[in-house]
Amino acid sequence: MKNILKLSVFALLFISATACDSDDDLTVVTPSKAAVLAIPAEGSVFVLDKLTPNEVVATFTWDAAQYGGAPMAISYELQMAKSGTDFKDVVVVSVTTTNKVAVTSGELNAAALNAGLTAFESQDADIRIKSYVGARGIVQYSNVIKIAVTSYSAWDNWGMIGSATPNGWNDPDTNLEYDLATKTYSYTGPLVVGEYKFRLDDKWDTNFGDDGNNLSLEAGGANIPVAVAGDYTIVVDFIGKKYTITKN
């Protein structure tokens, strides 16, 4: 019995000594200096082109973040959010372990749309660098730079043109908003007495009118009349070749 007790005490002492040695070997990693985003410059303007999605539009570059303690690999996220939202709905543009990343037109466009920027309009976005190390993800954030992005929709760009629309028969067309769930396009806003048509990409190559003024669409069809000025909601189904127009 005494031998068993001696062995138990020895085992406990060995475990305690080992634990102490392990604690002595632990190195605490602490944030020391956040990354500094240097390129692009504040106020840079990006007009993205749907025809060149693989073109590199910018190489985002920053001074590396610093951490105190044992050397560890640092990971970085290039983050974007709609300007003025304090990164409430943050979008990760790219992830890397270097201090720069080349971003294509398609990648920046996808990030802009996911961040809530409106396609075909120049809108401000905030970008920053998130750095982190270790399994616990010790995080630091860089300075914030504001850029202006004109994105394009990932779906067809339909619009309205005509004397009844806000821009009349002049370019640009009045853009229709796309609903991903219903796969329909819509416009809500003022119309004056006159007429209008729908066309694709601000060109006459593909356009629709209504030959019978019966809420069905025909390619190259007749102008659609508006008899009473007011605020309207128009919903268009280009797949089913039909539309509705409601005076609000």
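# Reading the terms in a predicted model

Tutor: Buried residues make up 38% of the 248 residues in the protein chain. This is a predicted model, in which local features need pLDDT of at least 70 and side-chain atom pairs count only at pLDDT 80 or more, while totals for chains, interfaces and linings use all residues. Residues are numbered from 1 along each chain as its sequence is written, and side-chain values use heavy atoms, with hydrogens and water left out.

Student: Why does Thr184 count as buried?

Tutor: Buried means under 20% relative accessible area, exposed means over 50%, and partly exposed lies in between, with a 1.4 Å probe and protein chains only. Thr184 has 16% relative accessibility, so Thr184 counts as buried.

Student: And why does Gly212 count as exposed?

Tutor: Gly212 has 51% relative accessibility, which is over 50%, so Gly212 counts as exposed. Gly212 lies in the loop between β17 and β18 (218-219). Its C-alpha atom is separated by 9.2 Å from that of Ile224, twelve residues apart along the chain.

Student: What makes a stretch such as the one holding Thr184 a strand?

Tutor: Strands are DSSP runs of E, at least two residues, and helices are runs of H or I, at least four residues; both are numbered from the N terminus. Thr184 is found in strand β15 (residues 184-191). On these terms the protein chain has two helices and 21 strands.

Student: Which residues does Thr184 touch?

Tutor: Contact means heavy atoms within 4.5 Å. Leaving aside residues up to four places away in sequence, Thr184 touches Glu177, Tyr178, Asp179, Val235, Val236 and Asp237. Across the protein chain, of the contacts between residues at least 6 apart in sequence, 65% join residues at least 24 apart.

Student: What makes the link between the side chains of Thr184 and Thr182 a polar contact?

Tutor: A polar contact is a pair of N or O atoms within 3.5 Å; within protein, one must be able to donate a hydrogen and the other to accept it, and residues adjacent in sequence count only if both atoms are side-chain atoms. The side chains of Thr184 and Thr182 are joined at 2.6 Å, which is within 3.5 Å, so the distance meets the cut-off.

Student: How do you know that β15 and β20 pair?

Tutor: Two strands pair if DSSP finds at least two bridges between them. β15 and strand β20 (residues 230-237) have seven bridges, so they pair, in the antiparallel sense. Tyr187 stands opposite Ile234 in β20. Both strands belong to an open sheet of four strands, ordered β14-β15-β20-β21, with antiparallel pairing.

Student: What makes β14 and β21 the edge strands?

Tutor: β14 (177-179) and β21 (242-247) each pair on one side only.

Student: Why is the pair of Tyr178 and Tyr185 called tilted?

Tutor: Rings of Phe, Tyr and Trp (its six-membered ring) pair if their centres lie within 6.5 Å; planes under 30 degrees apart count as stacked, over 60 as edge-to-face and the rest as tilted. The structure holds eleven aromatic pairs. Trp158 and Phe208 form a tilted one, with 5.7 Å centre to centre and 50° between the planes. The rings of Tyr178 and Tyr185 have their centres 4.8 Å apart and their planes at 50°, so that pair is tilted. Tyr185, at 5% relative accessibility, counts as buried.

Student: How do you know that the charged end of Arg128 sits over the ring of Phe87?

Tutor: A charge sits over a ring if NZ of Lys or CZ of Arg is within 6 Å of the ring centre and within 35 degrees of the ring normal. The charged end of Arg128 is 3.9 Å from the centre of the Phe87 ring. Arg199 lies over the face of Trp204, at 4.7 Å from the ring centre.
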